[in-house]
Each structure stands twice: as structure tokens, then as C-alpha cells.
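Thanks, everyone. Here is the structure I want to walk through today. Take a look at it first.

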Amino acid sequence: AAAAVGATRLAAAEQYVSGPLRAPGGPFLVDSLGRVVILHGVDAVYKYPPYELVPAPGKPWNFDAADAARIAGLGFDVVRLGMTWAGLEPGTAGPNDPAICQTGPPTDPHQWSAAVARAYLERLARTVDLLGRYHVYTLLDMHQDIYSSVFGGEGAPPWAVCTGGVPFIRPPGRWSRAYASPAVDAAFHAFWTNSAAGDLQGQFDRAWTTVATFFRSNRWVLGYDPFNEPFSRSLAAGGDDRFGAELACFYLGSAAAAAPGHPPLACPPADPSVGLLPRLLAADPTHLVFPEPDIFGRRGAGPTTLGPLDLPRVVFNVHVYCGQRNLSGNPTSLGACAAHQAAALAQRAADRAEMASAAQPGGPAWFVSELGATSDTALLQQVTAMADEHLVGWAYWAWKYYGDPTGSADEALVLPDGRYRPTVSVLSQTYAQAVAGTPLSMSFDASTGAFRLVYVPKPAVHAPTVVFVPVALHYPAGYCASVSGGTVVSKPGSSRLLVLNRPSARLVRVDLTASACPGSPR
């Protein structure tokens with residue numbers, strides 16, 4: 001009874017993570033109450049017009065209260081929500097427009113419509129607000145694959161495609177082979193060097209700052225993912241150094257810093273003097289930015305050459321996939337996949353530490369905004385356990401399959417008939433959403449329901465540690481929580497286990513097992 005009374009006295013902000021999060025330096029995100037936050041979530045991206053998921057009953061791009069409720073019910077507290085440059089600035093010109101694609105000083109291509117952009121964002125805000133009602137954050141993701149719909153993907157509007165007259169011939173086989181096309185390479189090159197007179201990077205920056213200005217006061221926006229999986233063929237033919245410099249210049253502008261051990265950067269002469277990240281941080285003084293390294297950073301083949309990003313509120317944003325997979329995303333060798341993903345996570349953890357700067361002396365926080373993309377339960381058990389070992393949050397690709405032109409139906413957690421894939425038993429986990437201290441270790445066994453969290457309590461944090469417990473999925477007969485160094489103040493059998501630190505505790509350990517405690521439904 002005393003525990004139940006304690007829970008009712010806790011404010012909603014103490015029982016749920018809410019409000020803007022901070023990235024003060026070091027590997028963790030922190031909430032306004034001083035707790036370390038570990039996010040679990042899903043990706044949701046619609047890659048055809050209107051290039052957004054919004055409440056629209058009967059439409060293939062519908063995302064409604066049922067989606068939000070199910071996402072929250074599984075314990076996910078973030079959705080990486082896709083949007084595209086084409087949705088924000090569709091324009092009227094077509095590919096290779098001479099006035100836009102000729103070389104010359106950057107000028108306004110006259111494709112921007114403030115009214116179109118605002119209507120797009122107002123629709124998107126309905127989804128952000130809907131998720132917020134269920135205590136789910138939104139990470140706004142400017143998504144692209146193979147640059148544009150002109151090449152069978154999504155991202156840039158057709159008017160921003162400049163190939164220098166190189167024709168696009170789609171290679172046979174998997175969609176990703178289109179990245180090898182000379183036309184795609186030319187389009188990316190025109191963007192990264194900003195060499196077209198239409199000022200492609202300048203227009204992209206304007207679209208993004210419009211987004212950040214629009215959402216700057218929305219308490220359920222986690223932050224902004226500026227560019228999904230940055231790519232250049234120079235990555236595959238000639239090493240990473242050149243593109244690492246181009247990407248750093250894109251993010252930072254004239255303030256770009258060289259990666260350790262690499263020569264000083266020479267930014268393309270037509271690049272904007274102020275990079276995208278400083279523009280976003282100026283347009284929105286509250287939320288976080290989640291820049292990604294190059295597309296091959298997801299494979300763990302070597303360190304990223306992105307280098308330090310000497311700015312506040314930066315989160316190092318990585319993807320972790322295995323190369324030894326078939327077209328459905330399932331491993332051709334589970335052992336090889338596990339080893340590959342372990343190496344990738346270890347490499348990105350090292351990259352994060354090496355990105356220390358004056359603004360973030362401990363290196364930036366980090367987040368895995370894509371993992372999974374598979375229906376293989378064993379593979380997901382491996383990679384989510386590895387993420388727990390690194391105490392890093394993640395988002396699973398993907399929530400649903402929306403006829404994705406650059407993906408597979410096997411990637412979706414939700415089947416067309418609304419049922420979950422068996423992988424739900426791995427992805428809906430017992431995990432610490434907020435920790436009133438510094439976490440040392442966390443683990444969850446999907447086969448038994450056993451969970452353990454160990455952390456050093458922070459005396460200045462008076463809010464509880466919050467552990468999400470998927471009761472219906474993993475504990476139908478109840479669970480038993482054993483805590484040393486803290487006191488359980490949540491109701492027996494609650495899906496949110498709340499633990500207050502004891503004043504004298506030097507270490508707190510939370511253990512949870514799938515069996516009711518003697519004499520209690522917990």
C-alpha cells in the first residue's frame with residue numbers, strides 16, 4: 001500500500017521521460033531531472049508522395065492513434081519519423097534544368113514555396129503531437145535513398161538532380177545497386193560540392209532551418225537527423241578522406257575541423273560559409289541534432305573520418321547492419337553477422353570518444369537510429385544485446401512496410417494484417433528508460449524475461465529510475481523485482497517499475513524475473 005501511494009505522488013514528468021533532452025558530453029542523453037535516458041523505438045518512413053506519415057484514414061500513408069498506442073504499448077519511446085526535401089520543396093522544374101544545373105555562382109533557383117512547406121509541416125506536426133500524447137518522442141529524419149525518386153529512391157526533388165547529362169540506367173538486382181550508377185554519382189557530387197548554380201546546399205539548408213524554426217517549441221521533438229546515410233562513390237573508389245572532408249564541410253561550413261590524423265580540410269569553394277548544423281542550432285535553441293557519418297560507417301570497416309563536431313547539442317547518429325544478409329535482410333551466416341555487428345558497434349563507440357571537442361569534452365552522446373531490418377529473431381537478439389552492453393539506445397527499422405521502393409516487406413515489425421512478427425518478443429524489452437544515476441550495465445534475456453540494471457546513483461537526482469516492463473508479452477504470470485540500494489514505489493505488476501534511490505546507497509541493482517514474488521502479484 002505504501003508503494004502504491006508513493007507512485008500516485010510522483011508527477012507524470014517523473015514517471016515518464018518528457019521535455020527536451022540534453023547531450024552534455026559523454027555517451028548519454030539526460031532529461032530535465034538529471035536522469036540518464038536510454039531510448040528504444042522504431043523507424044517510420046513513407047517514401048512516396050506526400051512523403052510523410054500523417055493521420056489519413058484509408059490512405060497508404062495513414063499513421064493514426066492506433067499506431068501511436070501500439071508503439072507506446074510495446075515500450076518504444078521514440079519514432080524516427082521520415083520526411084523528405086521533395087516534400088518540403090517539390091518545386092516545378094525537372095531534372096537537369098539548365099538554369100539550375102549549369103556551373104556558376106550559387107543563386108536562388110526559385111523553387112521554394114513557403115506556403116507548400118508550411119502545409120507539409122502542419123500535417124507532420126499532427127503526427128508529432130499524436131505521438132507526444134502517448135509519451136513518445138519524434139526524431140525528425142530527412143530521409144533519402146539513392147538521392148531522389150528520379151533514380152528509383154526518394155529524397156531530393158527532381159529539380160535538384162544534376163547529372164551533367166549522364167543518363168541513368170538502373171542496374172538489375174537489389175535497389176541499392178543503383179548507387180553504383182554514374183548518374184547517381186554525378187547528382188551526389190553536384191550536391192556535396194554545391195557546384196550547380198541552383199545552390200543545392202543553400203536550398204537544403206533553407207528547408208531544414210524552416211523545419212527547425214517550425215518545431216522549436218514542440219516538447220515532443222527529440223531532434224533532427226540532417227541527412228540519412230550520406231553517400232559518395234569516392235567512399236568505394238579511393239578511400240574515405242575526400243568525402244569525409246566534404247561531409248564535415250556540409251555539416252560545419254567554414255568551421256569544419258579535420259579528423260584526427262588527416263590533413264586540414266579544403267571545403268568546396270561554393271559551399272555555404274555556415275554549415276547546416278550551426279544553422280539548425282541557431283534556428284532551434286533547444287533540441288538536439290543527430291548527424292550521421294558516411295553510409296559505410298554502418299558496416300564497421302574502419303573509423304569514420306567525420307572528425308570532431310565542436311558544437312553543443314550534437315548526438316553521434318549511427319546505423320548498424322550486417323553485410324552478410326540476403327535480399328530479405330536475414331543473415332546468410334548468423335555468426336558472421338554477429339561478429340560484424342559487434343565490430344561495428346565497438347568501432348562507433350571508439351569514434352564517439354574520439355569526437356571529443358571543447359563543446360563536448362567527453363565526446364558526444366550517441367544513438368543507433370537504424371538496426372535490424374530483418375525477420376530473424378536470433379540476429380535481433382544478438383544486436384540488441386550488444387546495444388545493451390554499450391548502453392546505447394536504438395530504433396528498429398521498420399515499424400511497417402509502406403510499399404518501400406528501397407526496402408523489403410520482411411523488415412516490418414507489423415504485418416499487413418496488423419499482427420506482429422515474432423521478432424516483437426525481442427524488440428519489446430524490459431529496459432531502463434530513465435536512470436537516476438550513471439548506468440554501469442543493463443541486460444535482458446527475451447527467452448526468460450530476466451532483467452538486470454546496475455548503476456551508481458546521483459544524490460542530486462530525486463526522481464525515480466523508470467524501467468519499462470512488457471507485462472503482457474513477457475510476464476503473463478507476473479514478475480518479481482528485487483532491488484538493492486533503492487525502493488520500489490510503483491504499483492505491483494505495473495508496466496512501469498519505479499525505483500527511488502536510497503540516500504545512503506553507493507550502488508543500485510535492479511533484478512527482475514518472470515515469476516510472482518511470494519505473497520505478491522509482482
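**Side-chain contacts**

Arg70 sits over the face of Tyr420, 4.3 Å from the ring centre. Keep in mind that this is a predicted model.

Now the aromatic pairs. Searching the whole structure gives 33 of them. One is Tyr46 with Tyr402, edge-to-face, with 6.1 Å centre to centre and 80° between the planes. This pair links distant parts of the chain, 356 residues apart. Tyr46 is in the loop between strand 3 and helix 3, and Tyr402 is in the loop between strand 10 and helix 13. Buried or exposed? Tyr46 is buried, at 6% relative accessible area. Tyr402 is buried too, at 10%.

Next, Trp85 and Phe204. Their ring centres are 5.2 Å apart and the planes are at 80°, so this pair is edge-to-face. Trp85 is in helix 4 and Phe204 in helix 8, 119 residues apart. Both Trp85 and Phe204 are buried.

On to salt bridges. The count is 17. Asp141 bridges to Arg80, with closest N and O atoms 3.2 Å apart. That joins strand 5 to strand 4, across 61 residues. Asp141 has 0% relative accessibility, so it counts as buried. Arg80 is at 1%, so buried as well.

Asp108 and Arg206 also form a salt bridge, 3.9 Å from N to O. Here Asp108 is partly exposed at 37%, and Arg206 is partly exposed at 30%.

Asp511 and Arg509 meet at 2.9 Å, N to O. Asp511 is buried at 16%, whereas Arg509 is partly exposed at 38%.

Last point: which residues form one network? Salt bridges with shared partners join Asp43, Arg80, Asp141, Asp225, Glu292 and Glu370.

Conventions
Residues numbered from 1 in each chain as written. Predicted model: local features only at pLDDT ≥ 70, side-chain atom pairs only at ≥ 80, totals over all residues. Heavy atoms only, no water. Phe/Tyr/Trp six-rings, centres within 6.5 Å; stacked < 30°, edge-to-face > 60°. Helix = DSSP H or I, 4+ residues; strand = E, 2+ residues; numbered from the N terminus. Buried < 20%, exposed > 50% of the residue type's maximum accessible area, 1.4 Å probe, protein only. Lys NZ or Arg CZ within 6 Å of the ring centre and 35° of its normal. Salt bridge = Lys/Arg side-chain N within 4 Å of Asp/Glu carboxyl O.
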